[in-house]
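Reader: Please walk me through this model feature by feature. I would like the general idea first, then the case at hand.

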Amino acid sequence: MSKIKCKLISHSLSHHLSQIYTGFLLLAKRGLIELEQELSDDVIIDKTRAQHLQDARHAHLTVVLNDQLTIHYDTHDAIEVDEQYLQNCDIYFKRSFSESYIGKTPKYSNKIFPLGLNYKVLSNDVDWLAVKRVFGLNYKLNQKCAALFESLDVYNFIKATPRLKALEALPYNLPAKALFLVTAYDPYNNPERSEFKAEERAHINESRANCIRLLRRELGDKFFGGFQQTDFTVKHYKNLLVPDNRITRKGNYLKNLRSYPICIATTGLHDSIGWKFAEYVALSKAIVSEKLMFEVPGDFAKDKNYLEFTTPEECVTQSLTLMEDPQLRYQMMINNARYYQSNLKPDCLILNTLLKSLSLL
């Protein structure tokens, strides 16, 4: 029986897509698919769209199966669907998937499905298709939208993305303590940003700040967390910073993360489920999270894979619940390890989308 042929129509080097690219590579290495790639010059910047969507296409990828079925992957943070890509594909997998939002467009609702949690990750081995993307697309992207990708080069692209082996762990017993390392967003660093989106950023900042304050006060030395040091956080959250910015460097952060069984997550930009959340699941953590605004595939659920909070006070309460109940904490870690192996690990996530797509033929 011949293998499924998958052709990546690649136009972006975005970290948002690293999980998708890695998933296809791993399936090819397992001998389950034949993988090829075509570099595209699709334009990423569209100034006619709302400010938060003008560069959204950096987070999109089209894949053609067996020269006949077109799949589209949308890993952008926001809820909006790209109408042009939607019309030109057979099935559309959306990261920030909302059943109620999709239901408003019944014409296309039967071809849009949840993609799942998203995070940046590379395979443990060299990905030659990635090398070709970096060299082939870097020139095109810098020609078309240099301001957006001016800092991108091969070294930084690879160095800034963790390998799969750094983002996997089975559950194991650890002393009960909690971690919350986070950034803050300048609401007014882009004059084109709408007031609504600026207020959204301000709300995210304050929610995170209040959580840090209360967690430090109530959990004491059983909590470690704070804002990454930036010009913005130094100015506005001077007393809530991490003591040393080296702690927040990706490699150091992931090493540190392994020693904390309880990890806290807050809502990301555009109500998205942040990358930290996916990293927590991949590393089999017990999670305390703000309410998830989007849906993911599989049997992922509140009180099973995470405890939910809506206020900083509830964040503290739920963290204490996990600290004081080792059985609940460990079972949640096991639940997240199982979910990772079936729905989040890059090759599993992509395989699930391929099987879903083929079932619709």
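Reader: What is the mean pLDDT of the chain?

Author: pLDDT is the predictor's confidence in each residue, from 0 to 100. The chain has a mean of 91. Of its residues, 93% reach 70 or more.

Reader: Where is the pLDDT below 50?

Author: Over residues 140-155. Beyond near neighbours in sequence, that stretch has 24 contacts in the model (contact: heavy atoms within 4.5 Å). Where pLDDT is low, the predicted coordinates should not be read in detail.

Reader: Now strands. How many residues of E3 are buried?

Author: Terms first. Helices (H or I, at least four residues) and strands (E, at least two) are DSSP runs, numbered from the N terminus. Buried means under 20% relative accessible area, exposed over 50%, partly exposed in between, with a 1.4 Å probe and protein chains only. In E3, six of the six residues are buried, so the strand is largely enclosed by the rest of the structure.

Reader: Which residues of E3 lie on each side?

Author: In a regular strand the side chains alternate between the two faces of the sheet. In E3, His60, Thr62 and Val64 are on one side. Leu61, Val63 and Leu65 are on the other. Both faces are covered.

Reader: How many bridges join E3 to E4?

Author: Two strands pair if DSSP finds at least two bridges between them. Six bridges join E3 to E4, and the two run antiparallel. Strand E1 (residues 4-10) is also antiparallel to E3, with four bridges. Leu65 shows both pairings: Cys6 stands opposite Leu65, and the bridge partner of Leu65 in E4 is Leu69.

Reader: What lies between E3 and E4?

Author: Three residues, in a hairpin. Asn66 in the turn has a positive phi of about 50 degrees. Most residues other than glycine have a negative phi. Asp67, in the loop between E3 and E4, also has a positive phi, near 60 degrees.

Reader: Is Asp67 buried or exposed?

Author: Asp67 is exposed, at 53% relative accessible area. Now take Ser284, in the loop between helix H10 (275-282) and strand E10 (286-290). Its phi is near 60 degrees. Ser284 counts as buried, at 1% relative accessibility.

Reader: How many salt bridges does the structure hold?

Author: Side chains of opposite charge can pair when their charged atoms come close. The cut-off is a side-chain nitrogen of Lys or Arg within 4 Å of a carboxyl oxygen of Asp or Glu. The structure holds 15.

Reader: Which residue forms a salt bridge with Asp347?

Author: Arg30, with the closest N and O atoms 2.9 Å apart. Asp347 lies in helix H13 and Arg30 in the loop between helix H1 and strand E2, so the pair ties together parts that are 317 residues apart in sequence. Asp347 is buried, at 6%. Arg30 is partly exposed, at 47%.

Conventions. Residues numbered from 1 in each chain as written. Predicted model: local features only at pLDDT ≥ 70, side-chain atom pairs only at ≥ 80, totals over all residues. Heavy atoms only, no water.
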